[in-house]
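The following note sets out points for a colleague to consider when reading this model. Each point may be checked against the coordinates shown below.

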Amino acid sequence: MSLTKAQIVENIQDQTGLTKIKATETVETLLEIIKASLSTGENVLVSGFGKFCVKDKKQRKGRNPATGDEMMLDERRVVTFKCSGKLRDKIN
Amino acid sequence: MNKLELVQALKDSNGLSKPEAEKVVNIFFNEMANALAKGDRVEIRGLCSFFVKEYKSYTGRNPKTGEKVKIAPKKLPFFKAGKELKERVDR
């Protein structure tokens, strides 16, 4: 079973008394804030959950695993996640 | 950006009261944490997905002293960025 946005919205509705429309809108706004922050290169730190970090990767040589051809991979920016100690304890 | 700033930004852009915004942020991350604690997958379209990966016990080394240490089996959440997030961060 996989947790999706729809279930989170439902839970927010139940626990806050917001309407479905408002709860959906709020979750979308929250997601947009997180994405906007990360896309400016700013990390998002959620205490008790973890840290979403933006990392710059350098250009490097790689290989196409299917053909074995060498190719240059351009520098890029990626998001990584570092789990907090609390979440880690909860999962284990 | 930390959780407080997240709450503030949500409050400012959505006309919620501060306690409401705080509640939404807490529920959002708690739900994900609870799902992972049960071993369930989490999939938030456009942002990311998580699943729990199990690591077996292995013998590692303390990088400082070179001493052998036994690492107990553990579970960790594995993060995968969503398509939209990936594209927006990389531009």
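What pLDDT does chain B average?

1. Model and confidence. This is a predicted model, in which local features need pLDDT of at least 70 and side-chain atom pairs count only at pLDDT 80 or more, while totals for chains, interfaces and linings use all residues; side-chain values use heavy atoms, with hydrogens and water left out. Residues are numbered from 1 along each chain as its sequence is written, and chains are lettered from A and ligands numbered from 1 in the order in which they are written. Chain B averages a pLDDT (the predictor's confidence in each residue, from 0 to 100) of 92, with 100% of its residues scoring at least 70. For chain A the average is 93, and again 100% of the residues score at least 70. The model scores are ipTM 0.87 and pTM 0.87.

2. Confidence within chain A. The lowest mean in chain A, 89, belongs to strand E5 (residues 70-73), and the highest, 96, to strand E2 (residues 44-46). Helices (H or I, at least four residues) and strands (E, at least two) are DSSP runs, numbered from the N terminus.

3. Extent of the interface. Chain B brings 44 residues and chain A 47 residues to the contact, defined by heavy atoms within 4.5 Å. The buried area between the two chains is about 4,400 Å², with 68% from carbon and sulfur atoms; this is the accessible area (1.4 Å probe) that two parts lose on being put together, summed over both. B:Met1, B:Arg88 and B:Val89 supply 15% of the area that chain B buries against chain A, more than any other three residues.

4. Polar features of the interface. There are 15 residue pairs in polar contact between chain B and chain A, both residues being at pLDDT 80 or more. A polar contact is a pair of N or O atoms within 3.5 Å; within protein, one must be able to donate a hydrogen and the other to accept it, and residues adjacent in sequence count only if both atoms are side-chain atoms. The elements giving two or more residues to the side of chain B that touches chain A include helix H1 (3-14), helix H2 (18-37) and helix H3 (83-90) of chain B. H2(B) gives the most, with 14 residues.

5. Salt bridges. The count between chain B and chain A is 2 salt bridges, each requiring a side-chain nitrogen of Lys or Arg within 4 Å of a carboxyl oxygen of Asp or Glu. A:Glu32 forms a salt bridge with B:Arg88, with the closest N and O atoms 3.0 Å apart. Over all chains the count is 11. A:Glu25 and A:Lys22 also meet in a salt bridge (3.7 Å, N to O); these residues are separated by about one helical turn because they lie 3 residues apart in helix H2 (residues 20-39) of chain A.

6. Strand pairing. Strand E1 (residues 2-4) of chain A pairs with E1(B) in the parallel sense over 3 bridges; pairing requires that DSSP find at least two bridges between two strands. The bridge partner of A:Ser2 in E1(B) is B:Arg41. Within chain A, strand E4 (residues 60-63) and E5(A) pair in the antiparallel sense over 4 bridges. A:Arg63 stands opposite A:Glu70, and A:Gly62 stands opposite A:Met71.
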